[in-house]
Amino acid sequence: MWRALNRKRIGYASFAAITGGGYYLYNKAIVKRRPQPYQQRLATISPELFMSETYTDASNTIQLEGLSDRPHTLWTPPSRKEMLNMLNNGESKEPPFDILIIGGGATGSGTALDAATRGLKVALVERDDFASGTSSRSTKLVHGGVRYLEKAIKELDYEQFKLVKEALHERATFLHIAPYISYQLPIMLPIYKWWQVPYFWIGSKCYDMLAGREAVESSYFLTRGKALEVFPWLNKDKLVAAMVYYDGQHNDARMNVAIALTAISLGAVVANHVEVKKLAKNEEGKVSGAYVKDTLTGEEWLIRAKGVINATGAFTDSIRSMDDPRNENIVAPSSGVHVTLPNYYSPRKMGMIDPSTSDGRVIFFLPWEGNTIAGTTDSPTELTYNPMPKEEEIQWILDEIKRYLSPDIKVRRGDVLAAWSGIRPLVRDPYAKNTSELVRSHMIYVSNSNLITIAGGKWTTYRAMAKETVDKAIEILGLKPQNECLTEKARLIGSHGDSKTMFIKLIQQFGLETETAQHLVNSYGDRAWAVAALSKPTGKRWPVFGQRISPFYPYIEAEVRYAVRREYACTLVDVIARRTRLSFLNAQATLESLPRIIEIMSEELEWSSERQTQEFDKAVEFLFTMGLPKPKEKLTINKVRIESSKRSENGVLYSRSQFQPEELASFQKVFSDLDISGDGRIMTSDLEKALVLVEYSIPKNTLNSIISEAKFDREDSIEFEEFLEFMSDVKEAQLKHAFPEIVDYQIGKHEQKRIPIERSSGGV
């Protein structure tokens with residue numbers, strides 16, 4: 001099918017993706033209330049001009065008939081420069097905005113979206129990037145809270161019960177408004193005592209019933225055998241059964257970006273990398289705006305508004321102190337650490353919860369973006385912009401995992417691909433009699449100067465928090481919205497044309513890998529067409545388009561360009577952490593991808609060599625907070641480029657000689673047997689012994705050559721990932737030795753046949 005997409009049609013599609021779009025007309029008269037600059041930008045793409053197969057599928061007019069409130073698939077938002085110009089409107093006598101929101105996390109972006117749907121003139125500034133704080137470092141769950149329900153029942157706590165019910169309602173809303181980026185996830189609850197079977201069964205069914213009509217799939221019981229069939233890694237000792245219940249999961253940072261873009265599409269003026277330096281007040285002492293600074297250029301100016309909302313999460317108190325230095329801190333920061341493990345640590349489509357860890361905390365064990373994440377911890381911490389995960393917290397998570405997995409599986413420190421710490425903003429109510437007690441949910445606080453602060457809460461309830469905040473702003477500031485809150489039904493950008501089969505069309509039109517096409521749909525929804533249209537040919541027979549950033553993950557180079565052009569990515573960290581999620585999946589793979597990402601961003605943003613070095617250094621510092629070990633020597637772009645080129649060659653070999661599951665299991669067992677110290681490493685002197693154990697045979701000189709090329713002869717020991725690279729090289733060497741014999745046999749016995757072009761993708 002992709003052959004039909006000739007060069008002319010690809011050109012049309014790419015041009016449509018780059019230039020096309022414009023703002024959609026919101027059918028419920030929202031367009032009438034947009035700021036004037038947006039109305040001047042309203043445009044549509046001419047179907048007569050871009051009637052290629054790609055454009056036809058992208059516009060999808062038949063499927064989307066009647067959905068006039070959707071942004072076009074190829075919609076282009078205003079540039080960041082245009083946003084800054086709209087924010088820098090100091091000559092106006094009247095405040096140009098009804099509300100100025102400080103903070104671009106889930107709550108801040110959600111508040112901007114809520115206000116925009118009501119027809120209010122809203123501005124938002126974020127010191128760093130969308131979801132740069134806690135909003136990108138969550139457990140990735142959209143949940144009501146099973147443990148909170150248990151606590152509510154045990155303590156007969158009606159307030160806790162209401163919080164769970166509200167969260168379950170928001171879970172349903174969450175899954176409805178962003179179906180491509182959030183989804184249902186079954187979570188297993190292992191049971192090790194017979195008396196717990198009715199206890200957990202009743203609890204799971206109560207959780208289902210509390211959701212009512214908005215429930216997802218029903219919970220169900222698994223016998224011991226079925227539980228081990230689904231989750232064969234489980235420790236069999238004393239396991240009697242399991243319960244499986246359903247909650248939601250999402251890609252938190254991508255969700256945050258989608259919320260911000262949807263707010264922009266409805267008229268909100270939003271800018272990242274703009275820091276508030278000081279609050280502005282009028283003659284009556286009421287907050288009337290903020291003095292801000294563009295952290296990328298150093299330019300400073302005043303943004304005037306009728307009111308200001310503080311939605312800065314863990315950094316709430318820094319803005320409150322600008323309002324009144326005498327204010328006491330209301331945030332009690334708590335650290336939550338997560339680790340990322342290889343995908344073989346969990347089933348692809350089922351998570352697990354440990355409700356009773358060694359110290360009473362709950363730990364989740366979840367598949368996410370092709371890997372496995374485990375967490376979280378909960379301990380007091382200092383407030384920092386880039387928190388570092390503590391080694392003892394990482395080790396605690398690994399120790400808890402060991403308790404639940406089979407003794408045959410060694411959970412090693414070397415298996416941790418990434419680790420991160422998020423600061424949970426627990427809050428105290430300054431109005432409460434006992435101000436030391438923490439608020440269970442969120443809190444809205446209005447100061448004497450009308451600074452509105454929203455703090456606390458969790459990702460799942462961001463929309464409800466935003467609604468309450470805007471309601472309070474309307475009340476306090478005397479604003480006049482055009483309608484009630486619409487966010488409960490309004491789908492986020494990318495959701496309107498999403499379908500379960502869209503990835504197939506992408507494969508057929510662009511010749512993408514299946515994994516890549518599925519990833520694009522799950523990350524961008526119907527905007528995947530625009531991303532794919534930015535792809536360049538790979539120069540290979542297959543895939544035709546979609547050059548990967550890293551050979552081990554489905555992120556492609558076109559996503560970097562799209563992030564810069566359409567999603568306000570301004571820095572290298574913006575791309576590796578929040579537009580793609582590579583740094584959360586594998587810190588080392590991210591490091592190796594930096595040189596190429598810098599090249600692409602330099603083309604898009606015209607970075608100088610000095611700026612490239614600055615971005616690289618900042619990205620490396622960020623990766624240290626994501627679990628990347630600090631090297632003995634300073635890293636440079638050239639050093640990483642040279643090393644990554646060597647590894648990429650190994651990556652190509654590894655992909656061609658992909659191991660079967662039984663081979664991987666065999667390698668893991670051999671590695672574990674040779675890992676006598678249990679530190680996740682084996683001696684390089686044991687590599688020859690390992691080949692004997694897995695029954696691989698290659699000439700001695702070839703073995704020495706492989707060890708020398710990989711520089712293993714300079715190291716005393718290697719990790720499992722390096723061991724896999726070694727085995728990949730060995731297998732490749734075996735294939736090379738066997739290849740001449742295979743060719744001779746094929747030439748002598750069979751007539752070679754030419755594969756038809758239409759079958760080049762492997763079809764039959």
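1. A residue is called buried when its relative accessible area is under 20%. By that criterion the buried residues of helix 12 are Glu393, Ile394, Trp396, Ile397, Leu398, Glu400, Ile401 and Tyr404. Helix 12 runs over residues 391-404, and its 14 residues reach 21 Å from the first C-alpha to the last, which is close to the 20 Å expected at 1.5 Å a residue.

2. The chain averages a pLDDT of 83, with 82% of the residues scoring at least 70. Over residues 1-57, however, pLDDT stays under 50, although the model has 135 contacts beyond four places in sequence for this stretch. Residues 59-68 are also below 50 in pLDDT, and they have 14 contacts in the model beyond near neighbours in sequence. Where pLDDT is low, the predicted coordinates should not be read in detail.

3. Turning to the chain as a whole, 56% of its 764 residues count as buried, and its secondary structure comprises 26 helices and 20 strands. Among contacts between residues at least 6 apart in sequence, 73% join residues at least 24 apart. The chain exposes about 34800 Å², of which carbon and sulfur atoms supply 52%.

4. What makes up the nonpolar surface patch of about 300 Å²? Trp201, Ile202 and Phe221 make this patch, and one of them, Ile202, is placed in helix 8, which covers residues 196-211. Isoleucine 202 has a relative accessible area of 48% and is therefore partly exposed, since that class lies between the buried limit of 20% and the exposed limit of 50%. The value is also over the 30% that a residue needs in order to be counted in a patch.

5. Threonine 295 is found in the loop between strand 9 (287-294) and strand 10 (300-310). Is threonine 295 buried, partly exposed or exposed? Threonine 295 counts as partly exposed because its relative accessibility is 37%. Leaving aside neighbours within four places in sequence, threonine 295 is in contact with Arg127, His273 and Glu275.

Conventions: Residues are numbered from 1 along each chain as its sequence is written. This is a predicted model: local features need pLDDT of at least 70, side-chain atom pairs count only at pLDDT 80 or more; totals for chains, interfaces and linings use all residues. Side-chain values use heavy atoms; hydrogens and water are left out. Patches are made of residues with over 30% relative accessible area and no salt bridge: like charges are joined within 9 Å, nonpolar side chains (Val, Leu, Ile, Met, Phe, Trp, Tyr) within 5 Å. Accessible areas come from the Shrake-Rupley method with a 1.4 Å probe; for residues, only the protein chains shown count as cover. A salt bridge is a side-chain nitrogen of Lys or Arg within 4 Å of a carboxyl oxygen of Asp or Glu. Helices (H or I, at least four residues) and strands (E, at least two) are DSSP runs, numbered from the N terminus. Buried means under 20% relative accessible area, exposed over 50%, partly exposed in between (1.4 Å probe, protein chains only). The expected span of a helix is 1.5 Å times one less than its number of residues. Contact means heavy atoms within 4.5 Å. pLDDT is the predictor's confidence in each residue, from 0 to 100.
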